[in-house]
Amino acid sequence: MRSDEATSHMSARPLLAIRGLDLDFGTPRGRVHALRNVSLDVPAGQVVGIVGESGSGKSTLVYTVMGLLPENAVVTTGSILFEGKDLLKMPVSARRSLLGDRLSMIFQDPMTALNPVRTIESQMIDIQHHEQGSRIEKRARALEMLHRVGIPDPQSRISAYPHQFSGGMRQRVCIAMALLVKPALLVADEPTTALDATLEVQIIHLLKDLQKEIGCSILFVSHHLGAVAELCDRVAVMYAGEVVEQGAVRDIFHNPAHPYTRALLECDPGRIKKSTRTLPTIPGEVPSLLGSKAGCIFRTRCHQAFDRCAHDNPVEYHIGVDQVARCHLLDEKRLFSV
Ligand code: ATP
Ligand code: SF4
Ligand code: MG
């Protein structure tokens with residue numbers, strides 16, 4: 001079964017549905033095809049992880065959802081349905097008003113989100129501009145949220161400036177700010193990569209608790225398979241601008257179908273449980289994203305490549321109820337099993 005057929009069988013509409021998204025960056029060397037035919041669902045109330053090597057398009061994908069792309073980026077085809085409306089067709093003002101309201105973001109570097117010359121208090125009050133209530137009520141909500149994310153003595157810390165917090169505490173402040181608006185979707189691009197391993201575990205647990213409490217969805221980008229296993233319900237594996245496999249975390253991690261996912265996981269079955277914080281390296285190099293490509297994008301590194309892989313780009317094939325992978329081997333299996 002093709003994934004588009006399968007998706008139409010799903011009953012509940014996902015909160016976020018990305019369909020057939022293609023994105024290029026214009027560069028002096030030509031067009032970099034950074035996203036290729038990307039389709040991805042984020043169901044309401046679920047956490048979806050995105051993993052993949054550096055340069056695979058993870059940040060580009062989530063920045064496209066947030067509408068925070070650089071000027072040389074062009075979406076050539078596709079749609080991003082959020083709560084049923086296509087973000088790519090929305091007027092800029094409508095799209096902007098979703099940010100910090102229905103959609104919020106945590107960045108890898110907390111200073112990206114914080115203004116260094118304003119106190120945490122004024123930033124946390126301002127971010128609630130969509131909310132009802134007086135300044136005093138908003139301050140009280142900010143204090144409550146700072147307490148919730150584990151900032152000691154929020155009463156006195158709220159009047160501090162961002163540089164007066166440690167890196168881990170700054171990231172907690174950013175999580176507090178991102179969740180203060182009770183978004184429907186929280187996008188987090190490697191929020192724990194800059195932190196040490198102990199802090200990472202704390203932040204992941206915190207995110208999980210808050211996500212359950214608020215009932216939001218999270219789109220969580222990470223290099224760390226263990227963090228994804230801990231936090232996420234679903235995972236999408238990206239390679240060279242494509243989502244090569246996606247599905248429930250337990251299916252993908254226990255029964256990976258795409259050779260790239262298998263290569264990532266098979267080096268060490270304990271990896272997901274242990275604390276390796278970098279993605280395993282697999283032999284070979286990611287292909288250049290310049291120019292058009294024929295065939296499977298992974299074929300230069302795939303041990304199972306065969307003739308068809310050189311000229312046909314694989315479509316998505318369903319495995320079981322809810323797992324999708326782009327690999328011709330799945331079509332061959334299907335053909336031989338009928
Ligand atoms: P990392 O794990 O290192 O954060 P990533 O998966 O987030 O990597 P992206 O940053 O999305 O990858 O980059 C995807 C591709 O797009 C890369 O080849 C990158 O060089 C290219 N790219 C990203 N931003 C631009 C830009 N503004 N102009 C041109 N190319 C870009
Ligand atoms: Fe490997 Fe071919 Fe499958 Fe691509 S389509 S992952 S090259 S077997
Ligand atoms: Mg990135």
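This is a predicted model: local features need pLDDT of at least 70, side-chain atom pairs count only at pLDDT 80 or more; totals for chains, interfaces and linings use all residues.
The space in the largest cavity amounts to about 90 Å³. Its lining comprises 14 residues, of which Cys296, Cys302, Cys309, Cys327 and His328 are the closest to the centre.

Sorted by class, the lining of the largest cavity consists of 10 nonpolar, 3 polar and 1 charged residues.

## Salt bridges across the structure

Side chains of opposite charge can pair when their charged atoms come close. Over the whole structure, 12 salt bridges are found. Among them are the pairs Arg19 with Asp41, Glu121 with Arg139 and Asp331 with Arg308, which are described in turn below.

## A pair between strands

Arg19 and Asp41 form a salt bridge through their side chains, with an N to O distance of 2.8 Å. Arg19 belongs to strand S1 (residues 16–27) and Asp41 to strand S2 (residues 30–42), so this pair ties together parts that lie 22 residues apart in sequence.

Are the two partners buried or exposed? Arg19 is partly exposed, at a relative accessible area of 27%, whereas Asp41 is buried, with a value of 10%.

## A pair between helices H4 and H5

In the salt bridge between Glu121 and Arg139, the closest N and O atoms are 2.9 Å apart. Glu121 is located in helix H4 (residues 120–126) and Arg139 in helix H5 (residues 135–148); the pair thus links distant parts of the chain, 18 residues apart.

The accessibility of each partner can also be stated. Glu121 has a relative accessibility of 19% and counts as buried, because the cut-off for buried is under 20%. Arg139 is partly exposed, with a relative accessible area of 26%.

## A network around Arg308

Which residues are linked with Arg308 in a network of salt bridges? The network joins Arg308, Asp312 and Asp331. Within the pair formed by Asp331 and Arg308, the closest N and O atoms are separated by 3.0 Å. This pair links distant parts of the chain, 23 residues apart, with Asp331 in helix H13 (residues 328–337) and Arg308 in helix H12 (residues 307–311).

Asp331 is buried, its relative accessible area being 5%.

Key: Residues are numbered from 1 along each chain as its sequence is written. Chains are lettered from A and ligands numbered from 1 in the order in which they are written. Side-chain values use heavy atoms; hydrogens and water are left out. A salt bridge is a side-chain nitrogen of Lys or Arg within 4 Å of a carboxyl oxygen of Asp or Glu. Helices (H or I, at least four residues) and strands (E, at least two) are DSSP runs, numbered from the N terminus. Buried means under 20% relative accessible area, exposed over 50%, partly exposed in between (1.4 Å probe, protein chains only). On a 1 Å grid over the protein atoms alone, a cavity is a set of points where a 1.4 Å probe fits but cannot get out, and a pocket is an open set with protein on both sides within 12 Å along at least five of seven lines; lining residues have an atom within 4 Å of a point. Grid points are joined across faces, edges and corners, and a volume is the space filled by probe spheres set on the points. Ala, Val, Leu, Ile, Met, Phe, Trp, Tyr, Cys and Pro count as nonpolar, Asp, Glu, Lys and Arg as charged, and the others, Gly among them, as polar.
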